[in-house]
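I opened this entry to keep track of what I looked up in one structure. The notes follow the order in which I went through it.

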Amino acid sequence: MKRIFRYSVFLFLLSFFCALWIPKLRYLSESSRLDPATLKSAGFRQQPVDKETEQVIRNMEDPGEYLAVYWLETKFGERSSALSPDNILTMRKRWERADGWGEYLSACQSVWDDLTYFPVASRDIGSDVSYEDSWMFGRSYKGEREHEGTDIMSRKNERGVLPVVSMTDGVVQNKGWLELGGYRVGIRAPHGAYFYYAHLDSYADIYVGDEIKAGDLLGFMGDTGYGTEEGTKGKFPVHLHLGIYIYSEDQEISVNPYPALKYVEEKIIDYQDAG
Ligand SMILES: [Zn+2]
């Protein structure tokens, strides 16, 4: 009888401590999903957005905060679940105490909250261009590399025809020839991300330091690059390579632009209106 009593007390105490500690341990293990190194993780850089979430964010003007919480809650897409936008503020509370939350949130907002237009002004996306998620696919010019961007292909493979416009407001930070990128333009958007448009056939009337608006013409789609000589063209099919970069601890980090492109896929500026 005494023994049974002792066991019961033991079990009672055990379950009591479990009830107390399991949520705490769970919080500790989950909050380790967010630390200052999160921005360099493969999960974050892939920017995974499932179909359901794609619909949820479609009508949000600033989806950065929503996605910041969504990625932490779903372990960067490992668990799929679209979150109710009404619950975001409550869920955010779980994460905002974690080390690195502020920088993480700013990074998400910098990639997402300046997005305004699809970068190719075309009347018909389906027939003029096509693109797929080729994040980290192999590329082999100048040794084996991984693809850090999205290629928007000209279906007709015509250089100098399709207008490339800025997806965001911003400042022209770079313009000129790169061996890999050909004629490229780099735009620094207001929240701090760097949008990189490569392989242009020609430039619009823009210069380094110019302030530009989302939808302004940057140039025309081409096939320049992959040559040490400036002006090399024709080494691959006509396309726009789009890259998006954030900065953390003075390090440049590329993130997958494909989900961002999906988000603005229906926001196409009429070429006549492009600046
Ligand atoms: Zn590319």
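I began just after helix H4, where Lys 75 takes a positive phi of about 55°. Helices here are DSSP runs of H or I with at least four residues, strands are runs of E with at least two, and both are numbered from the N terminus. The model is predicted, so I noted that local features need pLDDT of at least 70 and side-chain atom pairs count only at pLDDT 80 or more, while totals for chains, interfaces and linings use all residues. Residues are numbered from 1 along each chain as its sequence is written.

**Helix H4**

Next I asked how many residues of H4 are buried. H4 covers residues 64-73 and is mostly covered, with eight of its ten residues buried. I counted a residue as buried if 20 or more other C-beta atoms lie within 10 Å of its own, as exposed if 12 or fewer do, and as partly exposed in between, with C-beta atoms placed from the backbone. The buried residues of H4 are Gly 64, Tyr 66, Leu 67, Ala 68, Val 69, Tyr 70, Trp 71 and Leu 72. I then looked up what they pack against, and found H2, H3, helix H5 (88-95) and H6.

**Core**

I looked up the largest nonpolar core and found 56 residues in it. Such a core is a set of buried Ala, Val, Leu, Ile, Met, Phe, Trp, Tyr and Cys residues joined through C-beta atoms within 7 Å. Leu 67, Val 111, Val 120, Val 164, Phe 195, Tyr 197 and Met 221 have the most contacts inside this core. H4 gives the most to the core, with seven residues. Why does the core lie between the domains? Domain 1 (32-112) and domain 2 (125-273) both give residues to it, so it lies between them.

I followed Val 111 from that list. Leaving aside neighbours within four places in sequence, Val 111 is in contact with Ala 193, Ile 244, Ile 246, Val 255 and Ala 260. Contact here requires C-beta atoms, placed from the backbone, to lie within 7 Å.

**Two domains**

The domain assignment of the chain gives domain 1 (32-112) and domain 2 (125-273); such bounds come from an automatic or database assignment. Their C-alpha centres lie 25 Å apart. The contact takes 15 residues from domain 1 and 15 residues from domain 2. On the domain 1 side, helix H2 (42-46), helix H3 (51-58) and helix H6 (101-112) each supply at least two residues. H6 has the largest share of that side, six residues. I sorted the residues of the domain 1 side by type and got six nonpolar, four polar and five charged. In that sorting, Ala, Val, Leu, Ile, Met, Phe, Trp, Tyr, Cys and Pro count as nonpolar, Asp, Glu, Lys and Arg as charged, and the others, Gly among them, as polar.

**Ala 198**

I picked Ala 198, which is found in strand S8 (residues 194-200). Is Ala 198 buried or exposed? Ala 198 is buried, with 23 other C-beta atoms within 10 Å. Apart from neighbours within four places in sequence, its contacts are Gly 181, Gly 182, Arg 184, Gly 225 and His 241.

**Strands**

An open sheet of three strands has the order S5-S11-S9, with antiparallel pairing. Strands pair if DSSP finds at least two bridges between them. Strand S5 (163-165) and strand S9 (202-203) are the edges, each pairing on one side only. Three bridges join S5 to strand S11 (residues 217-220). Val 164 stands opposite Gly 219 in S11, and Val 165 has Leu 217 as its bridge partner there. S9 and S11 pair over two bridges, and Ser 202 has Phe 220 in S11 as its bridge partner.

I then went to strand S12 (residues 239-248) and strand S13 (residues 251-255), which run antiparallel and are joined by five bridges. Ser 248 stands opposite Gln 251 in S13. The two strands form a hairpin with two residues between them, and Glu 249 in the turn has a positive phi of about 45°.

**Whole chain**

Last, I noted the totals: the chain has eight helices and 13 strands, and 36% of its 275 residues count as buried.

Methods: Two residues are in contact if their C-beta atoms, placed from the backbone, lie within 7 Å.
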